Amino acid sequence: MIGPIRSLNIAFTDSIQIPDKMGAVEIDRFKMSGAINQQGINRIAKMFPKSTLIINGNTVNDTVKAIFNIHQ
């Protein structure tokens, strides 16, 4: 078993491809860049609900906001 991982940054050369098995890894902050559509973003967000996800510079879900129930 891998993890937990504090921070992981991946720059994909083409499309973002995250294998399903990676969802079992606890990652606090996961930053990635590459080609992706909204369906792919939603899939990754479901895989890592407790992670702060940043995809192509946009915060998808933020664990700090979720923990403290902060709304923008």
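## Strand pairing and the sheet

Two strands pair if DSSP finds at least two bridges between them. By this rule E3 and E4 pair in the antiparallel sense, over 3 bridges. The model is predicted: local features need pLDDT of at least 70, side-chain atom pairs count only at pLDDT 80 or more, and totals for chains, interfaces and linings use all residues. Residues are numbered from 1 along each chain as its sequence is written, and side-chain values use heavy atoms, with hydrogens and water left out.

The protein chain has 2 helices and 4 strands. Helices (H or I, at least four residues) and strands (E, at least two) are DSSP runs, numbered from the N terminus. Their order from the N terminus is β-β-α-β-β-α. The 4 strands build an open sheet with the order E1-E2-E3-E4 and mixed pairing. Strand E1 (5-15) and strand E4 (58-61) are the edges; each has a single partner strand, so one side of each is left without a neighbour in the sheet. On average, neighbouring strands are turned by 20° against each other, direction ignored.

## Pairs within the sheet

E1 and strand E2 (residues 27-35) run parallel, joined by 7 bridges. Asn9 has its bridge partner in E2, namely Lys31.

E3 and E4 form a hairpin with 2 residues between them. Asn56 sits in the turn and has a positive phi of about 55°. The bridge partner of Ile55 in E4 is Asn58.

## Helix H1 on the strands

Helix H1 (residues 38-47) lies across E2, strand E3 (52-55) and E4. H1 runs at about 160° to E3. Axes are lines fitted to C-alpha atoms, for helices over the stretch in contact, and angles run from 0 to 180 degrees between N-to-C directions.

## Core and aromatic pair

Buried residues (under 20% relative accessible area; exposed is over 50%, partly exposed in between; 1.4 Å probe, protein chains only) make up 28% of the 72 residues in the protein chain. The largest nonpolar core has 13 residues. Such a core is a set of buried Ala, Val, Leu, Ile, Met, Phe, Trp, Tyr and Cys residues joined through side-chain atoms within 4.5 Å. Ile18, Phe30, Met32, Ile44 and Phe48 have the most contacts inside the core. E2, H1 and E3 each supply at least two of its residues.

The structure holds 1 aromatic pair. The rings of Phe30 and Phe48 have centres 5.3 Å apart and planes at 85°, so the pair is edge-to-face. Rings of Phe, Tyr and Trp (its six-membered ring) pair if their centres lie within 6.5 Å; planes under 30 degrees apart count as stacked, over 60 as edge-to-face and the rest as tilted. Phe30 lies in strand E2 and Phe48 in the loop between H1 and E3, so the pair ties together parts that are 18 residues apart in sequence. Both Phe30 and Phe48 are buried.

Ile16 lies in the loop between E1 and E2. Its relative accessibility is 8%, so Ile16 counts as buried. Ile16 and Ala35 are 19 residues apart in sequence, yet 5.9 Å apart in space, C-alpha to C-alpha. Contact means heavy atoms within 4.5 Å. Neighbours within four places in sequence aside, the contacts of Ile16 include Met32, Ile44 and Ile55.

Met32 touches both Ile16 and Ile44 too. With neighbours within four places again left aside, its other contacts include Ile10, Phe12, Leu53 and Asn56.
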